[in-house]
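Biologist: I am new to this structure and would like to go through it piece by piece. Please show it first, and then I will ask my questions.

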Amino acid sequence: MNTLGTSGVRVSALGFGGAAVGNLFTEVGDEQAHEAVTAAWQRGIRYFDTAPHYGLGLSERRLGAALREHPRAEYTLSTKVGRRLDPSGDGGDDLADGFAVPATHRRVWDFSADGVRRTLESSLERLGLDHVDVVYLHDPDEHAEEAFREGYPALEKLRSEGVVGAIGAGMNQAEMLSRFVRETDVDVVLCAGRYTLLDQSALTELLPAAVARGVSVVIGGAFNSGLLADPRPGVTYNYAQVSGDVLDRALRMREAAERHGISLRAAALAFCAAHPAVASVLVGARSAAEVQDAADQFATPVPPAFWQELRDTGLLTTEEPS
């Protein structure tokens, strides 16, 4: 278990990302989602992440129901604020936002102090819990002014009141997360897809700043939305169609991994986990089988000769992992 900054909140090195059980892209049944969370618990995963955005609250409801079967003091749960869910009577589905659920609500961007508290209160209702351990400002890319002026101070107040144990921001970019690390007193940032075998942009500023400031980093998107899990034509890279040159790099990495007796999935997870700033790596799973595979791959040792081959062939340009 690793501690988030100086907060005292602890997370397992491998975490459970809750977007998939919120019906990300495809529908998942209640029983299958419950089995995935149960499998995560059985494999020692004690950090679970969710958000109102994931399936318009479905992920929170499912995670809350499954985790209520376990002692509250034995796991860490994070959710997010910034998208408030308002009831909607428009009908239809939510696939335009990536989730196979009925469009019962609409998302409203709201990083105001009042919005932060209201959103967290609604999350606790869906979770059926009296508190969460970590709260992130979720994707404030186009709302930086409000997030820094109102959203962050609201989280800081919640932390000082003891309502939450740790606070931070979660984004699919590294630049603004670096600003949070430099200019605020966050405990942790969640960086998705920007520290992977294919994208090390978080190394430019974010990860060094996090080490210097004692801020923890949680990594999401270790597989860049699928490519590093199963590189092949037609698979997505950062939620878009993969280009030929990126696919070629991934295929060459997989060939190298196989020469060293490991899977590319194991290498992708090991790469993320190795940096000293990283406290946990989140893996999204929609079934018990996917959880078992993720746990197996995460536990697989990656030989140093594999990293050296990637460097020698120009497939990896960093000195990490050492």
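Modeller: Some terms come first: a residue is buried at under 20% relative accessible area, exposed at over 50% and partly exposed in between (1.4 Å probe, protein chains only). Helices (H or I, at least four residues) and strands (E, at least two) are DSSP runs, numbered from the N terminus. The model is predicted, so local features need pLDDT of at least 70 and side-chain atom pairs pLDDT 80 or more, while totals for chains, interfaces and linings use all residues. Residues are numbered from 1 along each chain as its sequence is written, and side-chain values use heavy atoms, with hydrogens and water left out.

Biologist: Why is helix α2 described as largely enclosed, and how many of its residues are buried?

Modeller: Helix α2 covers residues 58–67. Among its buried residues are Leu58, Leu63 and Leu67, along with Ser59, Glu60 and Arg62.

Biologist: Which residues have the most contacts inside the largest nonpolar core?

Modeller: A nonpolar core is a set of buried Ala, Val, Leu, Ile, Met, Phe, Trp, Tyr and Cys residues joined through side-chain atoms within 4.5 Å. The largest one has 91 residues, and those with the most contacts inside it are Phe16, Phe48 and Leu197.

Biologist: Which helix gives the largest share of this core?

Modeller: The core in question is the one of 91 residues. Its largest share is seven residues, and they come from helix α4 (residues 144–160).

Biologist: What other core lies apart from it, and how many residues does that core have?

Modeller: Val9, Val134, Tyr136 and Ala279 are among the members of the other core. Its size in residues is 12.

Biologist: Is Arg106 buried, partly exposed or exposed?

Modeller: Arg106 is placed in strand β9 (residues 105–109). Its relative accessibility is 46%, so Arg106 counts as partly exposed.

Biologist: How far apart in space are Arg106 and Arg84?

Modeller: Leaving aside neighbours within four places in sequence, Arg106 is in contact with Arg84, Leu85, Asp86 and Ser88. Arg106 and Arg84 are 22 residues apart in sequence, and in space, C-alpha to C-alpha, their separation is 8.1 Å.

Biologist: Which residues lie on each of the two faces of β13?

Modeller: Strand β13 covers residues 216–220, and five of its five residues are buried. Both faces are covered: on one side are Ser216, Val218 and Gly220, and on the other Val217 and Ile219.

Biologist: Which residue stands opposite Ser216 of β13?

Modeller: Two strands pair if DSSP finds at least two bridges between them. Strand β12 (residues 188–192) pairs with β13 in the parallel sense over five bridges. Opposite Ser216 in β13 stands Val188.

How values were computed:
Contact means heavy atoms within 4.5 Å.
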